[in-house]
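Visitor: I'm new to this one. Could you show me how to read it, step by step?

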Amino acid sequence: MKKYTLVWWKLAEMSFLMQCANRWSSLGWLGGKIVRFVFFFIFLTAIFRHVPNVAGYSLTQVTFFYLTFNIVDILAQLFFRGIYMIGRDIREGDMDFYLIQPVHPLFRISSNLIDFLDFLTLIPVLVLTGMVLPKILGALNFPELTLRLILYGLLCANGVTIAFSIHVLIASLTVRTQQMESTVWLYRDVASLGRFPSDVYSELFRAILTFVFPIAVMVSFPSKALLGILSWDKVALAFFLSSILLALSLGSWKSALKHYCSVSS
Amino acid sequence: MISLIRKYGSVLRISLQQSIYYRASFLMDRARTITIVFAFYAFWSTLFQGRSQLAGYSISQMFTYVLGMNILRSLIFSDKTWEILREINTGRISYYLIRPISYIGYCSARDLADKIIHLFSAFLEVWIAVSLFNIPLYLPKSPVTLLAFLLSAVLAMILYFLMSYAVSALAFWTAESGGPRFCFELFLEFAAGAFFPLDVLPASLKSIFEFLPFASLLYFPLNIFLERASPAALLSGFLNQILWIAILSFVTRSLWKRGLKAYCSEGG
């Protein structure tokens, strides 16, 4: 564990230095992320000038769903951004180099690009979440409040696990085909469906977003748990689905590595 | 003239073949666009439950806006200008500068290929969506509306071309233009009404976007198609497009002239 922390820290330091060296570019990327966050926030608030609720949720609740989506999404990007580069790593031969290093290749690839810009965008998201939380929770008694907060935290962590599994599945696909890394961008767009509460979608699409592309489990379930509208069987389903997906993704990674043929060497 | 057509026609043909060759990438691109359109279709469907009007739009107008947005995005925003940044920063642009071909002409032909492919796919996707989900569409009642819409779409295409090339010219001075370009694109998409009609926004914010060139790209043409623009709004919209095209033509031309002087073919 100590070795992994040390390697992660070293890679994070290198990424940070690289981003500082390219400060104009970094500022642009950061600006883009902030623009996207702020505009969607403006859009959500503007919508409520025309309607009293969205799928039965108030402005505060919809905002909370949006903030939770951002927390899970930013954490996933912060820790697994390196996987976005796997296609390039394979083509340029860096993958061979990662495979012979004395750390797990998935860890090495994921940590290859630790994006501090994501960390910077996480700060306002957490501050806003802190401001919205008291309005959401209202006057709950202490045990209920603690239970909901713990469940929220656990389901957010579960969401990050699902995001990790999907990233690993995409990495496996890229190792096998050497050209499917753009799938990660498709994942990003499908994940963006989680900006709104999953109840916005029809029943069929809600089922798809729960069982096929578990975006609803990843970003909507934590918010629902905190609002006290997620049944216990759905909580169990969330953890069951993430375990299955994690096992499946790690299995596919192992199998993909067996087919890896070091294209650039 | 014939030699020009043959020259740039070849670029167009090769670019079309390249786009079709990388099928997985292309299909993934389209899948991404469909996802975004689907998200907004589902969102607006929910909002329209039990309502006939929202932000001044009827249900058919709103769905036409969302689907029309998909088509116009393919026509206006599809381009290869990210390639320009790479070509300048790697020195590859030198290959084109020393050849008997205009780089801007070459890029325009390359962009046109991208637009043709994406526009064709966008029409196909919209047709499938409308047939599958039985989506009500708003169709203009007058042929003059269609003409005005086509004119505004062509002007929007020229406007985006100029904006995009002006931002790409930054690469002549810095290898760090990718970030600013990303920021510009995101801002532009929101401000152009590429995610939702600007009428949803507070009036003050909407007026700012209408004054700037952004709203002329998607929001204005789509409003013409939906016959929501009054004659006065039509006139001021067209004047705005022409004014910004004139300003940006000058800015882009100057930036490229200066940029080419500053260019030192790093890596080339």
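Predicted model: local features only at pLDDT ≥ 70, side-chain atom pairs only at ≥ 80, totals over all residues.

Visitor: How many helices and strands does chain A have?
Guide: Chain A has 12 helices and 0 strands. Reading along its sequence, you get α-α-α-α-α-α-α-α-α-α-α-α.

Visitor: What radius of gyration does chain A have, and what would a compact globule have?
Guide: For 265 residues, a compact globule would come out near 18 Å; chain A has 19 Å, which agrees. Its C-alpha atoms fill a box of roughly 60 × 40 × 35 Å along the principal axes. Of the 265 residues in chain A, 40% are buried.

Visitor: How do I describe two helices that pack together?
Guide: Two packed helices are described by the angle between their axes and the distance between those axes. Take α1 (residues 2-21) and α6 (residues 103-133) of chain B: their axes come within 8 Å and cross at roughly 40°. That makes α1(B) oblique to α6(B). The crossing is right-handed, and the residues of this contact divide into 10 nonpolar, 3 polar and 2 charged. Among the residues that meet are B:Leu12 in α1(B) and B:Ala109 in α6(B).

Visitor: And where do the chains touch? Which helix of chain B supplies the largest share of the side that touches chain A?
Guide: In total, 29 residues of chain B are in contact with 35 residues of chain A. The largest share of chain B's side, 12 residues, comes from α2(B). That side divides into 20 nonpolar, 6 polar and 3 charged residues.

Conventions. Residues numbered from 1 in each chain as written. Chains lettered and ligands numbered in written order. Axes fitted to C-alpha atoms, helices over the stretch in contact; angles between N-to-C directions. Helix = DSSP H or I, 4+ residues; strand = E, 2+ residues; numbered from the N terminus. Parallel < 35°, antiparallel > 145°, perpendicular 65-115°, else oblique. Left-handed = near helix turned anticlockwise from the far one by under 90°. Contact = placed C-beta atoms within 7 Å. Nonpolar A, V, L, I, M, F, W, Y, C, P; charged D, E, K, R; others polar. Rg over C-alpha atoms; globule rule 2.2 N^0.38 Å. Buried ≥ 20, exposed ≤ 12 C-beta atoms within 10 Å, placed from the backbone.
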